[in-house]
2 protein chains.
Amino acid sequence: MKKKPVNAMEVARVAKVSQSTVSRVFTPGSNVSEKTKRKVLEVAKELGYRPNALARGLIMNKTNIVGLAMRDMENPFYHEVLGKFTKGLRDKGYHVLFVYTENDEIQQEEITQFLEYSVEGVIVTDAYLSSKVVTQLHENNIPVILFNRYSKDVPCYSVSCDNYTAARQIASYLYEQGYRKMAYITGRTNTSTSQDRQRGFCEFLQEKGIEPMMEEGDYTYEKAYDAAIRLLKSSQRPDAIFGANDITALGALDAAEAMGLNVPNDIAVVGFDNIKMASWPSHELTTWEQPVDEMIELTINTLLNEMKIEAVEPVSKLVSGRLIERGTTRKKI
Amino acid sequence: MKKKPVNAMEVARVAKVSQSTVSRVFTPGSNVSEKTKRKVLEVAKELGYRPNALARGLIMNKTNIVGLAMRDMENPFYHEVLGKFTKGLRDKGYHVLFVYTENDEIQQEEITQFLEYSVEGVIVTDAYLSSKVVTQLHENNIPVILFNRYSKDVPCYSVSCDNYTAARQIASYLYEQGYRKMAYITGRTNTSTSQDRQRGFCEFLQEKGIEPMMEEGDYTYEKAYDAAIRLLKSSQRPDAIFGANDITALGALDAAEAMGLNVPNDIAVVGFDNIKMASWPSHELTTWEQPVDEMIELTINTLLNEMKIEAVEPVSKLVSGRLIERGTTRKKI
DNA sequence: CTGAAAGCGCTTACAG
DNA sequence: CTGAAAGCGCTTACAG
């Protein structure tokens, strides 16, 4: 036998006012006399009344729920991201309906869930949306934003690091330090993030007449470790490895050590993200810092803005970040 | 101008049936003829109709939402936990309203949020609840369960590892390997988790006539690193360190290395959790594996069971886990 | 400033 | 098997 929570009607009865008045007391900006308000609040507190957000959402057509879909993540970067999204959204009065997806592309099922619960917006992190799903969301007038991904085929807002430029700068930095035989270990190759980092890195080097080596990874430590072993065993061993993210770089770092190489003397390693672990004394990983706070804020603001205004041509927004120089790189003499 | 989603009424009009019938089509187990059902589903699909979960929740007094509160986490263990909870709950038809808390104790505000959205149950991870909040939830007949914590003062279901026994076994293992000067680096000392691990560890050793050393940590790498440095610089340097979790142990590991000590020859290190990083070649950390899947499943099942039945005396459920022996410990000759 | 009434989108006895 | 009607807990014109 579930005890039912008290509703506005009961409060009204006890406080000897109408239910409308009770509602007004809990609606900021409504016209209620101080006296009535006090009385109602007192009764409400006594009875343990709390407005039902679902009923309110239903009538106001405003649920204050945002759907957050995140890909299966072993990358600590995204944990940080999740935390900051949750906090940032709460500060704006929104709640988070959370979904964890196992595929590169958000599935219909997950979006259906969001739709049924009338989320006001959707944030997708570290994953893609099919154009079908995006269309469906647009038809329902639900704004979507991609975090750390973008897609040329699917018109959709997005916020990410300027990976192309950042990777160019990393290449440039390594070049200036005197490294000449560079390699890139990719992330999942179907992600714009890894593609852009690859493109920026390679283009810069090619302009300098260097043909970078390449091995495929998938953002995980294990794959990166194996990829690095392959690179380091090859006849033309690279003198610098750029990993698609910090986890990748850490895999490469350990592979180098396992092969008895000295970092940074025999080989330099650079990552991307600047997760906390990168600064641990045992790693001291040179990496690119993504300005997470800025990215989160931009994402939330863009989404909230979309929620208010008419559909505008979606834009991809980019932020910069900066190189963090640590012990896995150094000037070659 | 927000386009409103189509509702059951519209579908009914187009399909030339009553709105009740449309509702029945979308209510499993309702009596509808095959023919009507087909027609309605067809129209629904055409119009892009999807039942409104909020309205349904309101009338049925069943929202299918579970509130999940998690403490600010830099521990990858909890990311894994979050993912598995989300998936596990989805498999049972529940959705996750996610809240991130920054305090050791879940705040009133977060619970209010859950209450307003009529969650059917609350899972609290890596944090506590005040007895006031628990009472409030009980009054509203919302079951709560603590994951990886328990509290003697506040009557509340909980699921955690049998930390006491596990820590005893770790102590016993180290003892058998020949270590004699052991130290424990704590987690946040107000957590039952750290307390139990400490108690189990110390009690076993004291029975063997060994007085363990102790330094305070807070589950973070940085604090553990500093704590380990203090231990290793002390006149009676320990020959084995047990860290309250893997991150703590990794901090100790790096501290030992920074001091030029050899692991495991000069000093052994043991962690707790068996996070993925523990198995990385650069760490090879001996640790205790928590049976995460089992814990998650038990938590979800216990919660769902609570949701159905009358209030029973809350119980603390414990699971075991096992020691994973790796390179940071070895038999002393 | 306040109340009576309509309505948000649904489910579910009730009657046929 | 199906429809008309009541009701979940709220907000908000409308009238006073």
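Q: At roughly what angle do the axes of helix H8 and helix H9 of chain B cross?
A: This is a predicted model, in which local features need pLDDT of at least 70 and side-chain atom pairs count only at pLDDT 80 or more, while totals for chains, interfaces and linings use all residues. Residues are numbered from 1 along each chain as its sequence is written, and chains are lettered from A and ligands numbered from 1 in the order in which they are written. Helices are DSSP runs (H or I, at least four residues; strands are E, at least two) numbered from the N terminus, and axes are lines fitted to C-alpha atoms, for helices over the stretch in contact, with angles from 0 to 180 degrees between N-to-C directions. The axes of H8(B), residues 163-177, and H9(B), residues 192-207, come within 7 Å and cross at roughly 40°.

Q: Are H8(B) and H9(B) parallel or oblique?
A: Angles under 35 degrees count as roughly parallel, over 145 as roughly antiparallel, 65 to 115 as roughly perpendicular and the rest as oblique. With their axes crossing at roughly 40°, H8(B) and H9(B) are therefore oblique.

Q: How many nonpolar residues does the contact of H8(B) with H9(B) have?
A: Contact requires C-beta atoms, placed from the backbone, within 7 Å, and among the residues that make it are Tyr164(B), Ala167(B) and Ile170(B) of H8(B) together with Phe201(B), Phe204(B) and Leu205(B) of H9(B). Ala, Val, Leu, Ile, Met, Phe, Trp, Tyr, Cys and Pro count as nonpolar, Asp, Glu, Lys and Arg as charged, and the others, Gly among them, as polar. By these classes the contact holds 5 polar and 5 charged residues, and its nonpolar residues number 8.

Q: Are H5(B) and H12(B) parallel or oblique to each other?
A: Helix H5 of chain B covers residues 76-91 and helix H12 of chain B covers residues 292-308, and their axes come within 10 Å and cross at roughly 45°. H5(B) and H12(B) are therefore oblique.

Q: How many charged residues are in the contact of H5(B) with H12(B)?
A: On H5(B) the contact is made by Glu80(B), Val81(B), Lys84(B), Phe85(B), Gly88(B) and Leu89(B), and on H12(B) by Val292(B), Asp293(B), Ile296(B), Glu297(B) and Ile300(B). These residues divide into 6 nonpolar and 1 polar, and the number of charged residues is 4.

Q: How many nonpolar residues does the contact of H10(B) with H11(B) have?
A: The axes of H10(B), residues 221-233, and H11(B), residues 246-258, come within 7 Å and cross at roughly 45°, so these helices are oblique to each other. The contact includes Tyr221(B), Tyr225(B) and Leu232(B) of H10(B), and Ile247(B), Leu250(B) and Ala255(B) of H11(B). Besides 2 polar and 2 charged residues, the nonpolar residues number 11.

Q: Which helix gives the most to the surface near DNA strand D?
A: A residue is near a strand if its C-beta atom, placed from the backbone, lies within 6 Å of it, and of the 26 residues around DNA strand D, Asn7(A), Ala8(A), Ser23(A), Asn52(A) and Ala55(A) come nearest. H2 (19-25) and H4 (53-60) of chain A, together with H2 (19-25) and H4 (53-60) of chain B, each supply at least two residues of that surface. The most, with 5 residues, comes from H4(A).

Q: Which helix gives the most to the surface near DNA strand C?
A: DNA strand C is surrounded by 26 residues, of which Ser18(A), Ala8(B), Ser23(B), Asn52(B) and Ala55(B) are the closest. The surface near DNA strand C divides into 11 nonpolar, 12 polar and 3 charged residues. With 5 residues, the helix that gives the most is H4(B).

Notes
Two residues are in contact if their C-beta atoms, placed from the backbone, lie within 7 Å.
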